[in-house]
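Student: Please take me through this model. I want each label set against its definition.

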Amino acid sequence: MNKWIKPKPIALISVFVMLFVLIGGALVTKTGSGLGCGRSWPLCEGQLVPKNITPELLIEFSHRLVTGVAIIFVGLLSIIAWRQYQHVRETKFLVVMTIVFFILQSLLGAGAVLFEQTSLIKALHFGISLVSFASVFLLALIIFNFDDKFHTKQLTIPKKLRIQFYGIFTYTLIVVYSGALVRHKEASLACIDWPFCFNNEPFNFSSLGLEQWIQMTHRFFASLLLIWVIGLLIYIWKNYRDHTFIKNGWLLASILIVLQVVLGGLVIITLKNTTIALMHALFISLFFALLSYFMILCNRSAKKD
Ligand code: HEM
């Protein structure tokens, strides 16, 4: 490989660019810029460099440019990982996941521009982007030799704990889908009160419309996730005190999920402030990436049993 192409900078840039793609996609829908380039893809308004610049066009066009940069870096990262890091067991699998999910993510993005999509399909986009980001993040950890630095190769996660981590991983995807549905069904501000939709009539469920049900389901699912993650933290700290990585790693995951819930509340209090809403998308991406690393560790431990 060319001596100018260094694995670590490529890995680091890939992670950041993928994060920009993910958050950029959220920005596109939040600002209603999805059709900023018209129903035209990959060109914008049928042109390489568009002429009539509107704020929506600028947001959509920048998102496409960042995606273009991501294709280059993620492509390079995949080649480097495939050629130089095959000694790590998960490399091949992660390269395949990265490529497949990146293509899926791009197709869904292009599909949203070219065709009318239902909210149910649009909501899938965020989950797929999340998996795509997590695969790139995990490849970067391999390139940075994270396992050796944190001695995680020697780590064995007991079966009891593994089941909890697998469960939380799957359930997180459900909560994520419910959140993405809130956005795409335009149910973000369907319930202005908190914790109930209408605090003066908390149990009057018959008066709730579809958007309000979607919003309240997301909150309900999210609160169960919070309880599960914190409950597991208490359990780990009581029973696995000497497993430093699991203890501290799960403490970090718990902090991220608490911040996620606080940000969810703030989205409503601030009437969907764009920065807060983008941070709500950012923190779950970080939580999910960390959780994905736990999945790798669980998988390795299962192989040892
Ligand atoms: C474990 C906690 C939570 C997770 C994993 C989660 C996840 C998500 C995800 C993935 C989205 C879609 C983001 C996007 O497409 O940009 C979303 C949107 C949203 N969530 Fe949550 N959420 C959580 C907690 C909460 C809570 C507690 C609330 C409210 C009290 C909340 C309110 C919202 C709202 C209003 C949106 C729509 C934001 C928008 O329109 O941009 N979330 N959530």
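Tutor: Start with V113. Leaving aside neighbours within four places in sequence, V113 is in contact with G34, L35, C37, R39 and W41. Contact means that two C-beta atoms, placed from the backbone, lie within 7 Å. The model is predicted: local features need pLDDT of at least 70, side-chain atom pairs count only at pLDDT 80 or more, and totals for chains, interfaces and linings use all residues. Residues are numbered from 1 along each chain as its sequence is written.

Student: What makes V113 count as buried or exposed?
Tutor: The count of C-beta neighbours inside 10 Å does, and V113 has 20. A residue is buried if 20 or more other C-beta atoms lie within 10 Å of its own, exposed if 12 or fewer, and partly exposed in between. V113 has 20, so V113 counts as buried.

Student: Where is V113 found?
Tutor: In helix 3. Helices are DSSP runs of H or I with at least four residues, strands are runs of E with at least two, and both are numbered from the N terminus. V113 and L161 are 48 residues apart along the chain, and their C-alpha atoms are separated by 43 Å.

Student: Which helices do the buried residues of helix 3 pack against?
Tutor: Helix 1, helix 2 (55-84) and helix 4 (119-143). Among the buried residues of helix 3 are T91, F101, F102 and Q105.

Student: What does the UniProt annotation "binding site" cover?
Tutor: H218 and H280, according to an unreviewed entry. They are spread over 63 residues of sequence, yet they cluster in space, with a largest C-alpha distance of 13.2 Å. Such annotations may be inferred rather than shown by experiment; feature names are shortened, and positions follow the numbering used here.

Student: Why is H218 called buried?
Tutor: H218 has 23 other C-beta atoms within 10 Å, so it is buried. H218 sits in helix 7. Beyond four places in sequence, H218 touches S178, G179 and V182.

Student: And H280, buried or exposed?
Tutor: H280 has 23 C-beta neighbours inside 10 Å, so H280 counts as buried. H280 lies in helix 9. Leaving out residues up to four places away, H280 touches Q260, L263, G264 and V267.

Student: Which residues come nearest to the ligand?
Tutor: A26, G179, S188, A222 and G264, out of 28 residues around the ligand. A residue is near a molecule or strand if its C-beta atom, placed from the backbone, lies within 6 Å of it. Helix 8 supplies the largest share of that shell, seven residues.

Student: What classes of residue make up the shell around the ligand?
Tutor: There are 17 nonpolar, seven polar and four charged residues. Here Ala, Val, Leu, Ile, Met, Phe, Trp, Tyr, Cys and Pro are nonpolar, Asp, Glu, Lys and Arg are charged, and the others, Gly among them, are polar.

Student: Which domains does the chain have?
Tutor: Domain 1 (1-148) and domain 2 (150-305). Their contact takes 21 residues from domain 1 and 22 residues from domain 2. Helix 4 gives the most to the domain 1 side, with 11 residues. The bounds come from an automatic or database domain assignment. The shell around the ligand draws at least three residues from each domain.

Student: What makes the backbone at N145 worth a look?
Tutor: Phi of N145 is near 60°, a positive value in a residue other than glycine. Most residues other than glycine have a negative phi, and most peptide bonds are trans. N145 lies in the loop between helix 4 and helix 5. N145 has 12 C-beta neighbours inside 10 Å, so N145 counts as exposed.

Student: How is K272 classed, and why?
Tutor: K272 has 15 C-beta neighbours inside 10 Å, so K272 counts as partly exposed. K272 is in the loop between helix 8 and helix 9. Phi of K272 is near 70°, again positive in a residue other than glycine.

Student: What is the omega of the peptide bond from W194 to P195?
Tutor: Omega is near 10°, and the bond is cis. P195 lies in the loop between helix 6 and helix 7.
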